[in-house]
Amino acid sequence: MLARSIGTGLRREGIAADVVLDGTDALRHLDITRYDVVVLDRDLPGVHGDDVCRRIVADRADVRVLMLTAADTVKDRVDGLGLGADDYLPKPFAFAELVARVRALARRSAPRVPPTLSYQGITLDAARRVASRAGRRLDLSPKEFALLECLLSSPGLVISTEELLERVWDEAADPFTSAVKHTMHRLRAKLGDPPIIYTVREGGYRLGDQQ
């Protein structure tokens, strides 16, 4: 099924993604979770995709909508954008283009941050998916890259395990999983010495100097 394939592919790219299969479930998720981007199939069963889009535009002004549809005429694109969608992608599409559009919309949804994040010799270019420390390129997995990006966006601040789980993984992740701990361990090893990520007891993780 296309929706599940998209969800699997986005996760492989380090993007947390929840997958729902009908409009009613989509609205239920939107009521309880704040999303940066919604990839919305216009031909959803249950509540139609057009109606879901209208609800998002009316109630969630900060959520960006990428609408997917099998229709590819100019009128279809105009109609979709007229509903309030931020972008429109006809099927079939190249998955790399979908990922690029989702990331572009996410940058518009999130608070403005520099295109390149840097802190104490660590540099991360989110658009090029490249990270380095002291000029040494880091070979990071998508999850390791996403964790580092979260920490670099708020240096010196404590980010809880729960927040990292929500931002880097998705609703399918077990809240009692040790995925954050294990991924953080690998990230620290790849960053090398001196240590720059610290565990805050009963708090989470912090990027910065030891306190």
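Author: A residue is called buried when its relative accessible area is under 20%. In this predicted model, the buried residues of helix H1, which covers residues 2-12, are Ile6, Gly7, Gly9 and Leu10.

Reader: Why is H2 called roughly parallel to H3?

Author: Two packed helices are described by the angle between their axes and the distance between the axes. For helix H2 (residues 23-32) and helix H3 (residues 49-59), the axes come within 10 Å and cross at roughly 15 degrees. Angles under 35 degrees count as roughly parallel, and so H2 is roughly parallel to H3. The crossing in which H2 passes H3 is right-handed.

Reader: Which residues of H2 and H3 meet?

Author: From H2 come Gly23, Ala26, Leu27, Leu30 and Asp31, and these meet Val52, Arg55 and Ile56 of H3. Sorted by class, this contact of H2 with H3 holds 5 nonpolar, 1 polar and 2 charged residues.

Reader: Why are H6 and H7 called oblique to each other?

Author: Helix H6 (residues 142-153) and helix H7 (residues 161-168) pack at an angle of about 125 degrees, and their axes are 10 Å apart. Angles over 145 degrees would count as roughly antiparallel and those from 65 to 115 as roughly perpendicular, while the angles left over count as oblique; H6 and H7 are therefore oblique to each other. Their crossing is right-handed. On the H6 side the contact is made by Lys143, Ala146, Leu147, Cys150 and Ser153, and on the H7 side by Leu164, Arg167 and Val168.

Reader: How do you know whether Asp50 is buried or exposed?

Author: Asp50, which has its place in helix H3, has a relative accessibility of 12%. Since buried means under 20%, Asp50 counts as buried. Leaving aside residues up to four places away in sequence, Asp50 touches Arg42, Met67 and Leu83.

Reader: And what is the relative accessible area of Leu105?

Author: Leu105, placed in helix H5 (residues 95-109), has a relative accessible area of 2%, and so Leu105 is buried by the cut-off of 20%. With residues up to four places away in sequence not counted, Leu105 touches Val37, Arg64, Val65, Leu66, Asp86 and Asp87. One of these, Asp87, is 18 residues from Leu105 in sequence and 8.3 Å from it in space, C-alpha to C-alpha.

Reader: Why is Gln120 called partly exposed, whereas Ala134 counts as exposed?

Author: Exposed means over 50% relative accessible area, and partly exposed covers the range between that value and the 20% limit for buried. Gln120 has 44%, and is therefore partly exposed, whereas Ala134 has 72%, and therefore counts as exposed. Gln120 lies in the loop between strand E4 (116-119) and strand E5 (122-125), and its phi is near 45 degrees, a positive value in a residue other than glycine. Ala134, in the loop between strand E6 (130-133) and strand E7 (136-137), has a positive phi of about 55 degrees although it is not a glycine.

Key
Residues are numbered from 1 along each chain as its sequence is written. This is a predicted model: local features need pLDDT of at least 70, side-chain atom pairs count only at pLDDT 80 or more; totals for chains, interfaces and linings use all residues. Side-chain values use heavy atoms; hydrogens and water are left out. Axes are lines fitted to C-alpha atoms, for helices over the stretch in contact, and angles run from 0 to 180 degrees between N-to-C directions. Helices (H or I, at least four residues) and strands (E, at least two) are DSSP runs, numbered from the N terminus. A crossing is left-handed if the near helix is turned anticlockwise from the far one by less than a right angle, and right-handed if clockwise. Contact means heavy atoms within 4.5 Å. Ala, Val, Leu, Ile, Met, Phe, Trp, Tyr, Cys and Pro count as nonpolar, Asp, Glu, Lys and Arg as charged, and the others, Gly among them, as polar. Buried means under 20% relative accessible area, exposed over 50%, partly exposed in between (1.4 Å probe, protein chains only).
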